[in-house]
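Hi there,

Here is the structure I promised to pass on to you.

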Amino acid sequence: MRRPGPFHLYLAGSGMLIALLILLPIGALLLASSPMELAHLLGDHEVLQAIRITLLASLLALPPILLFGLPAAYGLSRLDRRRRRGLEMLLELPLVMPPVVAGLALLLAFGRRGLLGDLLAGVGLRLPFTLAAVVIAILFIVTPSFVRRCSLLFDSLDHRLEEAALLLGATPHQVFFRVSLPLARRGLVAETIMAQAQGIGLFGAVILFAGNLPGRTQTLSLAIYSAFESDPPRAFALGSLLLLISLLLLGAVRLVTPRGPKP
Amino acid sequence: MRRPGPFHLYLAGSGMLIALLILLPIGALLLASSPMELAHLLGDHEVLQAIRITLLASLLALPPILLFGLPAAYGLSRLDRRRRRGLEMLLELPLVMPPVVAGLALLLAFGRRGLLGDLLAGVGLRLPFTLAAVVIAILFIVTPSFVRRCSLLFDSLDHRLEEAALLLGATPHQVFFRVSLPLARRGLVAETIMAQAQGIGLFGAVILFAGNLPGRTQTLSLAIYSAFESDPPRAFALGSLLLLISLLLLGAVRLVTPRGPKP
Amino acid sequence: DELRIFAASSLTEPLGEAATVYGDRHPGVRIRLHFAGSQTLAAQIEQGAPADLFIAASQDAMARLERAGLVEQPAFIARNRLVLAVTADMAEQIRTPADLARPGLLLVVGNPQVPIGAYTRRLFERLAGDPGFGAARVAAIRNNVVSEETQVKAIVAKLLLGEADAGIVYQSDLTAPAARRLVGRAFPCGDLPVARYPAAVLTGGNRRPAREFLAFLATPPGTDIMRRHGFLPPGDGP
Amino acid sequence: MSRLLCQLQRPLPHFVLDVELQIEPGVTVLLGPNGAGKSSLLRLLAGLDRPRHGRIRLGERILFDAERGICLPPERRAVGMVFQDLALFPHLDVRGNIEFGLKLRGIGGGPRREKVAELLRQLGIAHLAGRRVTTLSGGERQKVALARTLATGPQLLLLDEPTAALDPAARGEIRRWLQGVLLGLRIPTLLVTHDAEEVAHFRKRVAVMEQGRIVQHGSYHQLLREPQSDFVARFAGINVIAGRVVDNGDGRSFVSDNGLRLQGDFCTGEPGPATLAVAPWEVALFHQPPGGSPRNVIAGQVQELVVLGDRVRVTLTGREKIVAEISLRSWEQMGRFREGTRLHAVFKAQEARVMNV
Amino acid sequence: MSRLLCQLQRPLPHFVLDVELQIEPGVTVLLGPNGAGKSSLLRLLAGLDRPRHGRIRLGERILFDAERGICLPPERRAVGMVFQDLALFPHLDVRGNIEFGLKLRGIGGGPRREKVAELLRQLGIAHLAGRRVTTLSGGERQKVALARTLATGPQLLLLDEPTAALDPAARGEIRRWLQGVLLGLRIPTLLVTHDAEEVAHFRKRVAVMEQGRIVQHGSYHQLLREPQSDFVARFAGINVIAGRVVDNGDGRSFVSDNGLRLQGDFCTGEPGPATLAVAPWEVALFHQPPGGSPRNVIAGQVQELVVLGDRVRVTLTGREKIVAEISLRSWEQMGRFREGTRLHAVFKAQEARVMNV
Ligand SMILES: Nc1ncnc2c1ncn2[C@@H]1O[C@H](COP(=O)(O)OP(=O)(O)OP(=O)(O)O)[C@@H](O)[C@H]1O
Ligand SMILES: Nc1ncnc2c1ncn2[C@@H]1O[C@H](COP(=O)(O)OP(=O)(O)OP(=O)(O)O)[C@@H](O)[C@H]1O
Ligand code: MOO
Ligand SMILES: [Mg+2]
Ligand SMILES: [Mg+2]
């Protein structure tokens, strides 16, 4: 490589600053509990349950995110600008909502007395206090920005390639699956990972909408919050555990998804 | 346009489903309080203060996000794959952290007794319970995924254009400012908007690290939490207010940023 | 003079009012109130938060700071009783706590790891030990629990929104205007667990105004404010 | 055995694309200056853009009819197109690009492999089968684009400068191969090119587009004989001099816009604006003005001199600019004159044509 | 008045790029088959890729020296390059693209506007100044790329097929204009092209690259006379027949690999492997084998026949394939024979060359 000039120092410096911003708190957290404590936690039934529910919920949220989120993003990126604006703002709104507000809004919409309450009751569905509610909370928080960001990725594709595929006889859905998706693959995988990560850390909305019942709706994040009130060191340790599990998960996802060629 | 086939119905259906998922809770929330109540809130000193602090903090967070986040993202997208992996995971980690954990980690790192406590005290800095802490909390939560996502956008640029610029005599920093940034502009603006939105909604990390001091560190999101403790309907109304303000903000940002040509 | 009070969120209303009244009487003192969960506050104080007075909703958090030598000897400033809160719709069906055993009821309680939940668990233990109530009934009641919230107000919110039929909360939670839509039902047996709110002056803070404010809370105007918001006087004993 | 009939209108930024064209099975070459609308026409035929008015019929199939509201989407038109900028799929390797269309058609296993192998062999790129297309050279990419399109067996072929990046040897080979393939397929093919040799090769049907319109349509021979526009003349390398035919008692003469007066049998046509066309190889050069009464002599100075094989192309500028092509031998006999030399150009009267415009 | 000296090595996937080249001010044409490494060489010179070994010197400046660890970054090399795929900035309009380099150099206001206006005018694209580059036609884009590079006043110019997408008229004009500009600039220029006419134009210095190496370097004339590789021969359209010179008592003869035996004065060279080169215009065609002792006659069947202006290119296949170019008139006199006709090709002995390989 070339000799680093001031610009490269700026790039590297920015990177290091941000790395520090992340590493310091994470390091401090990890240092706050001993490996023994962490190992101990893994023997705790309630902790294991919480891990199970966390993984289960974020796993259950994955198919709808991909199944509806990706086509919605693709559709959005193909709309004309005027029609996009409103939709884009709609997708950005949930980001703004503090967790309590999001949880409340979910209750107001899907709760027993909520907007859809009677409808859901009619088909015998009760969402709050169920795993389904955890999943819906994740979907509500995670999907909109997932869609918005994937649409940015689809925007950056070379439109000619899609035209070329059409002319080779690909129907629009074949174009989507065989050209657009694979071309945007790297970015989409990254977005999916980030959506999963966000889902794992979700707290406020889940606790309000889904409640906090160990073994049923208590995710690791809720367990941490609960522990924090009675036994802060345990909360620290649980936080470290969550980080380590996520690290493993993020690493594993990287291993199983062979990266496509950089377009 | 062409006649809509089943694939287009799938796209449109997915879009509608997601729109519903967003609109229902938001609609329910807005319906839960009358316009009168909202107008009333705007006369409340504490509310106005909270709005001011919210806007101030997210505005103060903006320059560092852009100033360090963009170059870090650019640098990342220019690293080779092996070195990227670890850094990418690092950037994804903060997403996983539940707000309490994030707040704790921040306290452990930058608090008076934290890792950097003595260092900061040495230079006469006390971060917790200041506006600076709110900003740092926003930075800690928002910057990593901002960087990660912007690096995806930089990845999707055509590398040849940057080479062409070099050959026309552009130094690396001129390439960055005159070619890479403008080319990725649409996406970067969108990511910046989303980062701002996320900062507005932040709660857990802020209350832990920065405290909940009205007029000093109490953001709208924290005010909602406090209201929730004393007067839940007021919390609903504040939530609606937050949404409306954000809507105005998002719309305004769209108006002031003329969109570059779609590359 | 500035007085920085870190107080448990459940004290938001009465302390807010008390601060106003106290401020009127002592124009020289500026009171800054900071409300959050007791443990959050404790963690912040541990990490060097600038506080003069700490009022917690649980002895755990206070004990933590005591051990660290960050606070002076704590004293209780109020008590709070557990009540059964029932939504207006269910007021007919749930007349006494015993009715909670009915299958299909949605009951929300506190997580045992937070104070309200710890008290609730003790309450259930007492009830189970009470022959008049019966262990079987308590088991049935526990079966109806759909959520263990980490915040009392989350329980209240769920009741207000009609998501749950009944919840176990503090007496003080039913005094807020919004809670008028809820009906309180007292628990029968005499020896009920009672929540206590310990307060302590921080060793590293501005002690004089903190002590004076604590003293004010013990005067009739202070206790009156607390009472109006559903709190009981501190009484005595641990 | 289906022909393409089209009649289309679509506004472009600077002019309206307005084309009526009939393309028989076999290759029709489409010529035209840069920005004439050639690529735009191809996109309309392919269904990637939509005409404002008109219709497109391919054999019995109606691909587009504005009035009847018919507009077949591109993927159902069975139109193969090689883009000017190729548009190879960067996420697939060479084989993947070529078999893309075959896979869509559900052609699997053996037949697909064979088809691909055959195309790879025919284009001489078998050794590249597993390569990522981003690592190919310009010419290699063009071959892949060609193979990808031909693999799908289209019923109409649109080739936008498909050999522009090929080296001349490869270009000749692929041109011959393409001709063979197309002869076998007998489908209408529209080939955009700027290469005169390519036009000579597919000489039977040539269409010329300018400013969005087809200005000439016929065999290359016709084009050469009667270039109906400046572009065609320059493309074919024909000298075209603008002027007018005037009647002067004892016969007619041609007076160029720059005042050059030429007389002789070739001055047919009605008096009025006209152009004179004469091929460079019909122009002879002399150091001294030839004897007799030289009525078709243009004097000038050598401005440019290019040796092409055994011939020398000489550009003379005087009152008018005229290009002559003489044999290397004549040039040597004339003393290897260089730029700046004053010469006299004479053309054989019977080879020059004056056309009224 | 600085020349470029380079001596470079860099491994490519299938071969090693290994070039030693000296480029004088003025245009050197770089020829070579697709995938020979031409674009790769340009990237190395520009500093976009880094050679494994070697050095590059431009005048007094050392751009690269592996041993001394010198590697000037591209932006400090003052090298202008037109990419094969152009790489125009899509976020800027035509004017913005052209003035990009000027702005970087801090050239503002009037001088910049004038410079841009001049370039726009010279390339005939003044009307496109405000257009987004994504809306340009292929040829228009190429002109913008050229203007953008020339605007910066480079000290070394690398042009990768800069006229490939231009129509012939524009190509000729721009070629002439480029020549004028380059004459004025007097900077070393490396021009990659596949266009024979372009080579004829810049005929003085031609380098031929194959498989990563410069296989021939000289004037176009030398190339035509002594094509030292199949590619050069085919590029120049020269017939090349591989075989060997054998000594047979009464003189030497040339025996082609396919068993064709030719005798005569031209059979110079040492016995051993050799190639015979003869230009198409030096080949005459006859219906009947000519009288006498025809020792340089190749019999065959007409495989292909292309009319190019006033000449006809005939490809004959017999034992060997041979291409002849005869005048249109001769062809007409021979009865306008068509594909399939059996003919005899004879070449003038003094024009053929046998080279040992
Ligand atoms: N998307 C577009 N937006 C605006 N103008 C366009 C667009 N595409 C093409 N044009 C303009 O339409 C005209 C015709 O362009 P087209 O690409 O069809 O030319 P062409 O005949 O293919 O030229 P070339 O031989 O240079 O490829 C040009 O002037 C071009 O600038
Ligand atoms: N990035 C790359 N990765 C791998 N192989 C490459 C890469 N770039 C070029 N090559 C290979 O190196 C060889 C030389 O390529 P190059 O582009 O230099 O050829 P070229 O002479 O410019 O050909 P053309 O006339 O077709 O443009 C080719 O075989 C090509 O496939
Ligand atoms: O008053 Mo608490 O500490 O939120 O239960
Ligand atoms: Mg074109
Ligand atoms: Mg190349």
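Let me begin at a spot in chain D: just after helix 5 of that chain, Arg186(D) takes a positive phi of about 50°. Please keep in mind as you read that this is a predicted model.

Helix 5 of chain D itself covers residues 168-185. At 1.5 Å a residue, its 18 residues should span 26 Å, and the end C-alpha atoms are 25 Å apart, which agrees. Which of its residues are buried? They are Pro168(D), Ala169(D), Ala170(D), Arg171(D), Gly172(D), Ile174(D), Arg175(D), Trp177(D), Leu178(D) and Leu182(D). As background, an α-helix has 3.6 residues a turn, so residues three or four places apart point the same way.

Now to the ligands, starting with ligand 1. Residues from chains D and E surround ligand 1, so this site is shared between chains. The shell has 19 residues, and the closest are Lys38(D), Ser39(D), Ser40(D), Arg131(E) and Gly139(E). By class, the shell of ligand 1 divides into 4 nonpolar, 11 polar and 4 charged residues. Helix 1 (38-46) of chain D and helix 4 (138-151) of chain E each supply at least two residues of that shell.

The polar contacts of ligand 1 are worth a look on screen:
- A polar backbone atom of Lys38(D) is 2.7 Å from an oxygen atom of ligand 1.
- In the side chain of His194(D), an N or O atom is 3.1 Å from an oxygen atom of ligand 1.
- For the side chain of Ser137(E), the distance from an N or O atom to an oxygen atom of ligand 1 is 2.7 Å.

Taken alone, ligand 1 exposes 630 Å², and the protein buries 83% of that.

Next, where does ligand 2 lie? Ligand 2 is found between chains D and E. Around ligand 2 there are 20 residues, the closest being Arg131(D), Ser137(D), Gly139(D), Ser39(E) and Ser40(E). The shell around ligand 2 has 5 nonpolar, 11 polar and 4 charged residues.

Here are polar contacts for ligand 2:
- An N or O atom in the side chain of Ser137(D) sits 2.7 Å from an oxygen atom of ligand 2.
- Ser39(E) has a polar side-chain atom 2.7 Å from an oxygen atom of ligand 2.
- His194(E) has a side-chain N or O atom 3.1 Å from an oxygen atom of ligand 2.

On its own, ligand 2 exposes 640 Å², of which the protein buries 82%. Two or more residues of its shell come from each of helix 4 (138-151) of chain D and helix 1 (38-46) of chain E.

Back in chain D, there is also a sheet to look at. Its 5 strands form an open sheet in the order 2-1-4-5-6, with antiparallel pairing. Strand 2 (16-23) and strand 6 (70-71) of chain D stand at the edges with a single partner strand each, so one side of each is left without a neighbour in the sheet. Strand 1 (residues 4-11) and strand 4 (residues 53-58) of chain D run antiparallel and are joined by 6 bridges. In this chain, Leu8(D) stands opposite Gly54(D) of strand 4.

Finally, a residue in chain A. Phe68(A) is in helix 3 (residues 45-77) of chain A. At 29% relative accessibility, Phe68(A) counts as partly exposed. The C-alpha atoms of Phe68(A) and Val147(A) are separated by 9.0 Å, with the two residues 79 residues apart along the chain.

Best wishes

Conventions
Residues are numbered from 1 along each chain as its sequence is written. Chains are lettered from A and ligands numbered from 1 in the order in which they are written. This is a predicted model: local features need pLDDT of at least 70, side-chain atom pairs count only at pLDDT 80 or more; totals for chains, interfaces and linings use all residues. Side-chain values use heavy atoms; hydrogens and water are left out. A residue is near a molecule or strand if one of its heavy atoms lies within 4 Å of it. A polar contact is a pair of N or O atoms within 3.5 Å; within protein, one must be able to donate a hydrogen and the other to accept it, and residues adjacent in sequence count only if both atoms are side-chain atoms. Accessible areas come from the Shrake-Rupley method with a 1.4 Å probe; for residues, only the protein chains shown count as cover. Helices (H or I, at least four residues) and strands (E, at least two) are DSSP runs, numbered from the N terminus. Ala, Val, Leu, Ile, Met, Phe, Trp, Tyr, Cys and Pro count as nonpolar, Asp, Glu, Lys and Arg as charged, and the others, Gly among them, as polar. The expected span of a helix is 1.5 Å times one less than its number of residues. Buried means under 20% relative accessible area, exposed over 50%, partly exposed in between (1.4 Å probe, protein chains only). Two strands pair if DSSP finds at least two bridges between them.
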